[in-house]
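Please examine the sequence and the structure before reading on.

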Amino acid sequence: MNTPLTCNDVLALLAQQNIEYRLTRHKPLMTVEDAKSIRAEAESVHGQIKNLFVRNKKRKMWLLTLHEDRKINLRQVATDIGAKRFSFCSSQRLMQYLGVTPGAVSPLGLLNDVDCAVEFYLDEALLTHPMLFVHPLDNRITVEIHTRDLLGLLHSRGHPYKILPR
């Protein structure tokens, strides 16, 4: 296994690719509720997304990036994408494939999945947002990034998204 990228590595990659972003530092955010709680303190942190790193019995993995307020039936989503049933990935698997700890799951973690073992699904509703707010592998930092830039970067690294319909 390669040494995973760090937050600084990701920020350097964004700069190298001429991808503009706005960075905000804050207390560690573990949940959507945590992100919502600091919005009064730091208006630039909007959360907007939640990320679920799941697997099936055959050890196939998916990153589901959803609008933060979307209610989701994991059993139904699993059936819809042919996984039969999901379970959440362990913290060891998070580190092994995405290079993150619990609370820091982000589409940018896919940059650490150099073997492209994780399939990426994006909530259809997020495509209407010009900007997304994601952790650059550290849940004490959020970057505001153009949706098209984020998706383009991931696609160029072997992680095109599939749409998860509403």
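Two strands are said to pair if DSSP finds at least two bridges between them.

**Overall model**

The model is predicted, and the protein chain averages a pLDDT of 89, with 91% of the residues scoring at least 70. An exception is the stretch of residues 42-47, where pLDDT stays under 50. For this stretch the model has 16 contacts beyond four places in sequence. Where pLDDT is low, the predicted coordinates should not be read in detail.

The protein chain contains five helices and eight strands. Along the sequence these elements follow the pattern α-β-α-β-β-α-β-α-β-β-β-α-β. The C-alpha atoms fill a box of roughly 40 × 35 × 25 Å along the principal axes. A compact globule of 166 residues would have a radius of gyration near 15 Å, and the value of 15 Å for the protein chain agrees with this. Buried residues make up 49% of the 166 residues. Of the contacts with a separation of 6 or more, 63% are between residues 24 or more positions apart.

**The five-stranded sheet**

Five strands form an open sheet with mixed pairing, in the order β4-β2-β3-β5-β8. Strands β4 (87-88) and β8 (161-164) stand at the edges; each has a single partner strand, so one side of each is left without a neighbour in the sheet.

Strand β3 (61-67) is mostly covered, as seven of its seven residues are buried. Its pairings with β2 and β5 are set out below.

| Strand pair | Sense | Bridges | Example of bridge partners |
|---|---|---|---|
| β2 and β3 | antiparallel | seven bridges | V54 and W62 |
| β3 and β5 | parallel | five bridges | L64 and Y121 |

Strands β2 and β3 also form a hairpin with five residues between them. Within the turn, R59 has a positive phi of about 70 degrees.

Which residues of helix α4 are buried? In this helix, which spans residues 91-98, they are R93, L94 and L98. These residues cover an arc of only 105 degrees around the axis, which puts them on the same side of α4. Among the elements that cover them are β2 (49-55), β3 (61-67) and β5 (118-123). After the helix comes G99, whose phi is positive, near 70 degrees.

**Serine 106 in the following loop**

The loop between α4 and β5 holds S106. Is this residue buried or exposed? With a relative accessibility of 1%, S106 counts as buried, because the cut-off for a buried residue is under 20%.

The side chain of S106 reaches the backbone nitrogen of L108 at 3.0 Å. Leaving aside neighbours within four places in sequence, S106 is in contact with N51, L63, V134 and H135.

Note on methods. Residues are numbered from 1 along each chain as its sequence is written. This is a predicted model: local features need pLDDT of at least 70, side-chain atom pairs count only at pLDDT 80 or more; totals for chains, interfaces and linings use all residues. Side-chain values use heavy atoms; hydrogens and water are left out. Buried means under 20% relative accessible area, exposed over 50%, partly exposed in between (1.4 Å probe, protein chains only). Helices (H or I, at least four residues) and strands (E, at least two) are DSSP runs, numbered from the N terminus. The arc is that of the directions from the helix axis to the C-beta atoms. Contact means heavy atoms within 4.5 Å. pLDDT is the predictor's confidence in each residue, from 0 to 100. A polar contact is a pair of N or O atoms within 3.5 Å; within protein, one must be able to donate a hydrogen and the other to accept it, and residues adjacent in sequence count only if both atoms are side-chain atoms. The radius of gyration is taken over C-alpha atoms; the globule rule is 2.2 Å times the number of residues to the power 0.38.
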